[in-house]
Amino acid sequence: MCPKKYPAKRLKKLEVGHLKSGSSDVKEIVCGFCQSSELSMATGPMLHYANGKSVQSSNIFDSNVIHVHKKCIDWAPCVYYAGETIINLEKELERSGKLECSSCGLKGAALGCYMNQCRKSFHVLCAMKILDCRWDLENFSMFCPSHSSLRFPKEKSQFGEKSSKNNSKLTQTNLAVSSRKGVTIQVLCGSGLSTKEKFLLVKFGATIGASVSKYWNPNVTHVITATDANGACCRTIKVLMAILRGCWILKIDWINACIEALYLVDEEPYEVSLDNYGSRDGPKTGRLRSLDNAPSLFKDLIFHFMGDFVPTYKIDLVDLISAAGGFVLGCKNKLVAQVRDGRIAPATAFLVYNLEPPQGSMLKEEGPVLLWKREAEVLAATIGSHVISDRWILDSIAACRLQPFTV
């Protein structure tokens, strides 16, 4: 069965993350972008998605699953993550499926030359093998050999040139003036932005001399996020990490206001105060806690996961807990032993179950959740710990305060 939006006729031309069967009937997974099954340090791991969600290893051979190299996703211009959901993957595969790689001739060439008028496109892995390609690894941009003498926006900024007619109102001189007002910009990071908004963010960063990071890192000072009609942002790993770090989390309107005013305007009127789950004032609370040098949100708390979690989601949860000052103990027997001998106080131990069953679960819809919750409750009754769902962790971080212990 062909994946949705990809009729069989097109699949013959563009193998969208398909499976090849050899003479031994061993299935070989092929990337939907570069059409290769190769796995190496250059390609990164092969990732698997269905309906925008990461797929567990036991379900990767289902007919609706799309397979893509991590490196190919990283360099696909329109693909981004909103929480655990990958956005625009199918659309980007469809778009790149019409573009032949200027190196190997196969379709799926998502990466274009940064020179707007250039018609060349490449698989990122093919372009990496071309010595004369020039790269901006920080902003995921590339000049093909024909245009490698041109400068990226951040390079133009360094040489005092205007980056573009539409976004050149802010200059290094304006930044110096606004810095005297106490505004400091170091690293910008976008969250859930459209392609047009991403482009504006990169141009803005280049103009004011700030770095723009595609991924979260501890050096980020300002997260610029998309918001809906109610002013709510999507709850992403970037937003949650920024709350814990006390960073500014701002609407894209802040950039537009800076461009209009010709200087860096005060951030507070543009600070996000609501997320798509209804949590309020987490960004401001996190920022004020950071200014007050308050203890980490999960300081001295111990977490133990029970039940099944999608591996990538579990990694994100572990990273969030660590950033919040908590500790994840993987072994149940160690947890029980350390509670009983007094090394862990029962009130600081949290048993975490997954509120949603993994995609493709063969059990009844509520079956896995109730089973995991029941197992956690039995263990909690034995050692006197708390039982929480994964949602409690996210809600607590989003509000930057511990939530009631309701399950």
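Contact here means heavy atoms within 4.5 Å.

First, the ground rules. This is a predicted model: local features need pLDDT of at least 70, side-chain atom pairs count only at pLDDT 80 or more, and totals for chains, interfaces and linings use all residues. Residues are numbered from 1 along each chain as its sequence is written, and side-chain values use heavy atoms, with hydrogens and water left out.

Helices (H or I, at least four residues) and strands (E, at least two) are DSSP runs, numbered from the N terminus.

Start with helix α9, residues 253–261. Which of its residues are buried, that is, under 20% relative accessible area with a 1.4 Å probe, protein chains only? They are Trp254, Ile255, Ala257, Cys258 and Ile259. What do they pack against? Helix α7, strand β14 (222–225) and strand β16 (248–251).

Now the α7 partner, residues 195–208. Two packed helices are described by the angle between their axes and the distance between the axes. Axes are lines fitted to C-alpha atoms, for helices over the stretch in contact, and angles run from 0 to 180 degrees between N-to-C directions. For α7 and α9, the angle is about 45° and the axes are 11 Å apart. So α7 is oblique to α9. The cut-offs: under 35 degrees is roughly parallel, over 145 roughly antiparallel, 65 to 115 roughly perpendicular, and the rest oblique. From α7, the contact uses Leu200, Leu201 and Phe204. From α9, it uses Trp254, Ile255, Asn256, Cys258 and Ile259.

On the α8 side, Leu240, Ile243 and Leu244 meet Leu394, Ile397 and Ala398 of α14.

Last stop, strand β3, residues 46–50. Buried or exposed? Five of its five residues are buried. Met46, His48 and Ala50 lie on one side, Leu47 and Tyr49 on the other. In a regular strand the side chains alternate between the two faces of the sheet.

Two strands pair if DSSP finds at least two bridges between them. β3 pairs with β5 (residues 66–69) in the antiparallel sense over four bridges. There, histidine 48 faces histidine 67. β3 also pairs with β4 (residues 53–54), again antiparallel, over two bridges. Alanine 50 stands opposite lysine 53. In that hairpin, two residues sit between the strands, and asparagine 51 takes a positive phi near 55°.

Methods
Buried means under 20% relative accessible area, exposed over 50%, partly exposed in between (1.4 Å probe, protein chains only).
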